[in-house]
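Good morning. I will go through one protein chain today, from the whole to a few single residues. Please look at the structure while I talk.

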Amino acid sequence: MNSSLYCAEQGVGSKTIVLLHGFGGCHEVWRDVAAALSPLARTLAYDLPGHGLSLDFPGAGPAKVAARAVLADPAVRAAKRIHLVGHSMGGAVAALMALIEPAKVASLTLLAPGGFGPEINAPLLRRYAAASDLTEILACLEAMSGHGSPPARHIADVLCDMRGRPGQVEKLIEVADAMTRDDRQGVIPRDQLDTLSMPVMAVWGSDDPVLPSTQADDLPPHFHVHHVLAAGHMLIEEAPDLVASIIQRNMNRRSRSARPKLAEAG
C-alpha cells in the first residue's frame, strides 16, 4: 500500500465529475453510475482516505481530512471546475469541499449525505464496519437498502476483497467509532450550507434506515430535494440510472449568482 489518494479515471470531455463513495465503500461502487456518465464527461472516482487503495493515507478518518485530500489531488487541481457528487460520508466530504473552495465546484449532488442531522443508525454502521466475510457484508447491505432492493452481489464481492487487505477492517472500526460517538454524528451548520451558491441537489431514499430522510427537511431554500420512493440508503446500487440522470440534471442548472434579477417595477 502507498500513502497517496487513489483515483479511478474514465471518460473524456470538458466537464469533470468527482465521485465520492460512502463509509465502508470504495471507488468501484460507482461502476454503473460512472459508465452512464463517462460518455458525457471525465469521471474521477476516489477511494477516500482509510478505504481501499487509499487505506494508508495519513490522518485518515475525519471528513475534513478527506475533503482537503481530494481538493489537493492533481487530477482535481487540473480541472478548472468540478461537478461534485458524494454519497453518505462522501456527501459530508463533498459538502465540506464546496464550503472550503466554493469557486471550484460547479454543482453539488448529495446522496443521503452525512452531517445533515445528528441522527444516525450507529449500531448498523458499526456492524457494517466490522463485517469481513461475504455473508455478513451482504446482510449489512440488505439492512441498509430499501425493502425489495436486494444487495448487488458484485458490489458485495468487491467490498469483501477490499476488507481482506491487512488493516482494512480495523481501520473501518476505528473510523466508525469516531463517527458515531454517543450514537450521534457531527452536523454541518445550516447557516454554512446557506452560503453555497452553486446548484445543490440533495437526494434521499424515503426508507433510509441509516440517515433518516427527514434530514432533508428545512434545507436552504435554493437546495433542490429529490426523494426516491421505497429506496433505502444505498442509492448508488439501488437506483444507478436514476442517480446518473439526477447528476446530469443538476450539472445543467445555474447557480444562484447566475440567475438574472427581476426588473424593478417603475
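I start with charge. The mean positions of the 24 positive and 28 negative charges of the protein chain are 10 Å apart. Here Lys and Arg count as positive and Asp and Glu as negative, while His and the chain ends are not counted. The place of a charge is taken as NZ of Lys, CZ of Arg, CG of Asp or CD of Glu.

Now the ground rules. This is a predicted model, in which local features need pLDDT of at least 70, side-chain atom pairs count only at pLDDT 80 or more, and totals for chains, interfaces and linings use all residues. Residues are numbered from 1 along each chain as its sequence is written, and side-chain values use heavy atoms, with hydrogens and water left out.

Next, the overall fold. The protein chain has eleven helices and seven strands; these are DSSP runs numbered from the N terminus, with helices being H or I of at least four residues and strands E of at least two. The radius of gyration of the protein chain is 18 Å, close to the 18 Å that the globule rule gives for 266 residues, so the chain is as compact as a globular protein of that length. That radius is taken over C-alpha atoms, and the rule is 2.2 Å times the number of residues to the power 0.38. Along its principal axes, the C-alpha trace spans about 70 × 35 × 30 Å.

How much of the chain is buried? Buried residues make up 54% of the 266 residues. Buried means under 20% relative accessible area, exposed over 50%, and partly exposed in between, with a 1.4 Å probe and protein chains only. As for contacts (heavy atoms within 4.5 Å), among those between residues at least 6 apart in sequence, 76% join residues at least 24 apart.

On to the core. The largest nonpolar core has 86 residues, and of these L20 and L108 touch the most other members. Helix 4 gives the most to this core, with seven residues. Such a core is a set of buried Ala, Val, Leu, Ile, Met, Phe, Trp, Tyr and Cys residues joined through side-chain atoms within 4.5 Å. Leaving aside neighbours within four places in sequence, L108 is in contact with residues including L84, A94, M198 and N250.

Helix 2 covers residues 63–72, and its buried residues include A66, V70 and L71. The buried residues of helix 2 pack against strand 2, strand 3, helix 3 and helix 4.

Two loops are worth a look. A112 lies between strand 5 and helix 5, and D182 between helix 8 and helix 9. Phi of A112 is near 40° and phi of D182 is near 60°, each a positive value in a residue other than glycine. Which is buried and which is exposed? A112, at 0% relative accessibility, counts as buried, whereas D182, at 70%, counts as exposed.

H51 sits in the loop between strand 3 and helix 2. With 0% relative accessibility, H51 counts as buried. Not counting residues up to four places away in sequence, H51 touches H21, M89 and L172, among others.

Last, A36, in helix 1. A36 is partly exposed, at 31% relative accessible area. Leaving aside neighbours within four places in sequence, A36 is in contact with A244 and Q248.
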